Amino acid sequence: MQNFSLHTHTIGFDGQNTEEQMLEKARSLGWSKIGFSNHFIVCPIVKETKMYEAALKRGYQNIYSASFEEAIEKFKAHYERIDELKARTGFPIYKGMEVDFFNNDAWREGFNRALDELKPDYLIGSAHFVAYRNTLYNMYDVKNAKKEEQNLLLHKYYQNVRTAAKSGLFNFMAHLDLMKKVGLGREENFSEEERQTVETIAKAGVAVEINTSGFKLSYNEPYPSGRILALLAENNVPVIISDDAHNIERLGDKFDEVEKMAREIGIKKFYDPLAPLQPNVENNRSLFK
Ligand SMILES: [Zn+2]
Ligand SMILES: [Zn+2]
């Protein structure tokens, strides 16, 4: 049984509890470790978007940065709190990030700078947006697009996930079918896109998370769907279970249920990027300190 989570969020970003409160809860659950993975989202035009306005109203605008300097500053303060907590409690706490990957040279150069400065222990690859023609579409923008454009954006979304997986930067990929949050991508015509994505991930040697926050939707399943989990099993892709907890109540939520589900589907490899001798550690420059 997996007794840790590496996909969690805290106050200062868009979580509802402090690092210390999350740690206390992890200890009370008898966990072996905990990792924090707040959003690392850097995009020069992000503050001109509607979603930034919405985030401002709800008080979680800190997850968006227009420059790497800005993001590095926020993570420095957060990582210092983790170091302090680690020194004080002796509990294994790890410094992660849930990174939105952008496929351009400026982003890669900036991100490498961030890695050099921050030295995270592990990285989660994610795609919460589709960057297309100088516009940043979030899930709701994709949902509100006209059908034809919507299909194109969904294909771009999966393309982005594949490029991120191939980048070699990430230990595991987050919520592969996130677009179902707004009811998109579950149609039969996306199954080929999913197959291609899982095959690319398998070839790249990256793991995939099974994210129990999917159960908050009406489909009664995690991210990704049973359809994708079967592909992961078929391609022998290692998985890690995540709660994506934004508060202490959600830590470890439905972990036993999804582990059982994964085994029934035929998944055999369970992954922990922080355990020694993992196969794709050499892909991850952040682990060489
Ligand atoms: Zn996410
Ligand atoms: Zn998350």
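I began with helix 3 (residues 68-89), which lies across strand 2 and strand 5 and runs at about 160° to strand 5. Contact here means heavy atoms within 4.5 Å. Axes are lines fitted to C-alpha atoms, for helices over the stretch in contact, with angles from 0 to 180 degrees between N-to-C directions. Helices (H or I, at least four residues) and strands (E, at least two) are DSSP runs numbered from the N terminus.

I noted that this is a predicted model, in which local features need pLDDT of at least 70 and side-chain atom pairs pLDDT 80 or more, while totals for chains, interfaces and linings use all residues. Residues are numbered from 1 along each chain as its sequence is written, chains are lettered from A and ligands numbered from 1 in the order written, and side-chain values use heavy atoms, without hydrogens and water.

Sheet entry. I looked up helix 1 (residues 19-28) next; it also lies across strand 2 and strand 5, at about 150° to strand 2. The open sheet has 3 strands in the order 1-2-5, paired parallel. Its edge strands, strand 1 (4-5) and strand 5 (93-95), each pair on one side only. Pairing requires at least two bridges found by DSSP between two strands. Strand 1 and strand 2 (residues 33-36) are joined by 2 bridges, and Ser5 has Ile34 as its bridge partner in strand 2.

Zinc entry, ligand 1. I found Glu98 (OE), His128 (NE2) and His175 (NE2) coordinating the zinc ion (ligand 1) at 2.1 to 2.2 Å. Donors are N, O and S atoms within 2.8 Å of the metal (3.2 Å for Na, K and Ca); water is not among the atoms, so sites may look incomplete. Glu98 lies in strand 6 (residues 98-100) and His175 in the loop between strand 10 (172-173) and helix 7 (191-204), so the pair ties together parts 77 residues apart in sequence. Glu98 is buried at 0% relative accessibility, and His175 is buried at 2%. Buried means under 20% relative accessible area, exposed over 50%, partly exposed in between (1.4 Å probe, protein chains only).

Zinc entry, ligand 2. The zinc ion (ligand 2) is coordinated by His7 (NE2), His9 (NE2), Glu98 (OE) and Asp244 (OD). I noted the donor spacing along the chain as H-x1-H-x88-E-x145-D. His7 lies in the loop between strand 1 and helix 1, and Asp244 in the loop between strand 12 (239-242) and helix 9 (255-265), so this pair ties together parts 237 residues apart in sequence. Asp244 is buried, at 9% relative accessibility.
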